[in-house]
Amino acid sequence: MLNENTIAIIKSTVPVLEVHGTAITKRFYQLLFASHPELMNVFNHANQRQGKQQTALANTVYAAALYIDKLETILPAVKQIAHKHRSLGITADQYPIVGQNLLQAIKEVLGDAATDEILNAWAEAYGVIANVFISVEAEMYKEAEEQQGGWAGYRAFRIERKVQESHVITSFYLVPEDGGAIAAFEPGQYVSVKMSIPDQKNTHIRQYSLSDAPGKPYYRISVKREDSQPGKDAGVVSVYLHEQVKEGDVLWLSAPAGDFTLDLKETRPVVLISGGVGLTPMVSMLNTLVDTNSDRPITFIHAAQNGQLHALKQQVEEKIGQAAQAKAYWCYAQPTEQDAGTYHKEGYVDLPWLQEVIPSKDAVYYFCGPTPFMAHINRQLLEWGVPAADIHYEFFGPKGSLDEAEKEPVA
Ligand SMILES: Cc1cc2nc3c(=O)[nH]c(=O)nc-3n(C[C@H](O)[C@H](O)[C@H](O)COP(=O)(O)OP(=O)(O)OC[C@H]3O[C@@H](n4cnc5c(N)ncnc54)[C@H](O)[C@@H]3O)c2cc1C
Ligand code: HEM
């Protein structure tokens with residue numbers, strides 16, 4: 001454990017580091033990739049370019065440093081990150097590499113202000129924080145491998161079926177090449193897919209939520225094609241999956257991970273809200289509830305641009321039809337003429353409509369979608385008086401803050 005003097009130095013320097021946050025993290029990644037170019041195969045380059053990952057890693061180190069004398073308080077946050085690390089295959093021997101480069105970046109950016117005393121204190125603190133991650137992740141690696149149907153690292157899965165679900169979303173039904181069993185998972189969890197794409201220097205790893213219930217002989221992922229837009233390149237992996245990958249091809253998957261999961265011990269009503277491709281974990285949750293004959297009232301709300309972009313509609317309607325206590329509602333932002341009579345609300349999901357369609361406020365809420373959509377839903381639910389403890393959501397990227405995202409437009 002750290003001594004009191006070290007703790008005092010750490011706590012007093014966190015604000016200084018935060019002020020220089022962007023400069024330090026930018027320099028950190030330059031140093032990291034220059035000294036360990038192989039790590040370019042592990043980090044998501046789009047998240048790097050958008051600065052999301054830089055902010056996430058360093059901010060977590062600083063936040064952890066503030067709680068250095070009571071690290072148990074940040075354990076839930078550690079677990080969420082550890083799930084991602086485990087899913088990516090981050091190993092204990094990579095922690096000192098990150099530590100050394102972070103320290104070096106702090107030293108370079110702070111200049112003379114970074115005394116030996118400060119740098120030594122930070123080196124010690126990083127060691128303590130890293131050990132917490134390493135031990136949580138060691139447990140997760142063990143579980144992933146030792147569970148029935150589990151495995152370590154990446155396993156080859158053959159694409160049994162590739163099914164178009166909407167104009168932009170395609171499902172892939174994946175069965176293990178080795179013909180063995182596959183691990184159960186909790187609805188809401190994701191897998192990491194590692195892709196080697198011809199002519200691309202590095203491999204790319206992306207997470208995809210499992211979009212069907214557990215207990216099937218396959219895993220299903222449903223991927224939105226991220227087309228190019230003004231100022232935005234096309235998505236590397238999603239476009240490749242849509243355009244080049246075909247039935248019979250192999251994808252490499254790590255075992256299911258993630259802490260955004262449906263609590264199956266809960267008995268209260270459940271409300272599942274999604275925007276766009278954020279419906280994937282929600283469909284897994286819905287299918288699980290219905291397949292297990294849950295008697296919990298279920299409200300499934302999905303927001304899409306219009307009927308053409310509404311994926312898995314028929315499947316969800318069929319599932320809802322199998323459970324008397326389940327209802328589904330569609331909200332289209334810009335319905336087309338063909339959509340007439342097929343949806344329940346035009347425009348955006350708002351509180352009066354939620355109050356109309358959700359039978360009881362006392363429910364457990366899960367939602368997923370673009371970050372501004374989630375920020376909007378979160379605000380509506382809090383305004384209605386839903387306790388934050390009953391609200392759960394998933395980011396399809398590095399975890400961020402919905403408070404910050406509220407400043408962005410919903411559309
Ligand atoms: C837990 C989790 C679950 C997920 N589940 C799903 C799921 O079920 N289905 C699904 O479709 N996706 C899901 N995702 C998202 C998925 O992992 C990928 O991020 C997504 O498929 C895009 O990957 P890509 O390689 O196609 O795009 P990338 O190449 O990674 O690009 C991503 C986005 O960044 C933009 N971009 C690229 N370069 C720049 C730049 N220089 N400046 C600004 N923007 C840029 C691209 O246009 C694109 O929109 C999930 C993510 C997480 C973290
Ligand atoms: C104590 C040290 C570390 C902390 C505090 C930390 C923190 C984080 C955080 C907050 C995220 C974002 C999680 C999310 O998606 O919501 C993340 C993701 C990630 N981390 Fe770490 N991390 C640490 C060590 C490492 C190490 C040693 C590696 C190995 C090289 C690593 C590689 C990654 C990668 C590749 C991602 C995903 C990046 C992406 O997809 O954009 N991390 N980490």
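1. A word on conventions. This is a predicted model, in which local features need pLDDT of at least 70, side-chain atom pairs count only at pLDDT 80 or more, and totals for chains, interfaces and linings use all residues. Residues are numbered from 1 along each chain as its sequence is written, chains are lettered from A and ligands numbered from 1 in the order in which they are written, and side-chain values use heavy atoms, with hydrogens and water left out.

2. Domains. The assignment, whose bounds come from an automatic or database source, gives domain 1 (4-146), domain 2 (155-253) and domain 3 (270-405). Between the C-alpha centres of domain 2 and domain 3 there are 23 Å. Their contact (heavy atoms within 4.5 Å) draws 21 residues from domain 2 and 17 residues from domain 3.

3. Interface area. Domain 2 and domain 3 bury about 1400 Å² between them, with 58% of that coming from carbon and sulfur atoms. Buried area here is the accessible area (1.4 Å probe) that two parts lose on being put together, summed over both.

4. The rule finds one salt bridge between domain 2 and domain 3, where a salt bridge is a side-chain nitrogen of Lys or Arg within 4 Å of a carboxyl oxygen of Asp or Glu. Five residue pairs are in polar contact across the interface of domain 2 and domain 3, both residues at pLDDT 80 or more. A polar contact is a pair of N or O atoms within 3.5 Å; within protein, one must be able to donate a hydrogen and the other to accept it, and residues adjacent in sequence count only if both atoms are side-chain atoms.

5. Ligand 1. Which residues are closest to ligand 1? Of the 26 residues that surround ligand 1, they are Gln 207, Tyr 208, Lys 224, Asp 233 and Ser 238; near means a heavy atom within 4 Å. A backbone N or O atom of Asp 233 is 2.2 Å from a ligand oxygen, and a polar side-chain atom of Ser 238 is 2.6 Å from an oxygen of ligand 1.

6. Ligand 2. Around ligand 2 there are 24 residues, and Asn 47, Gln 80, Lys 84, His 85 and Lys 399 come nearest. The side chain of Lys 84 places an N or O atom 2.4 Å from a ligand oxygen, while a polar side-chain atom of His 85 lies 2.9 Å from a nitrogen of ligand 2.
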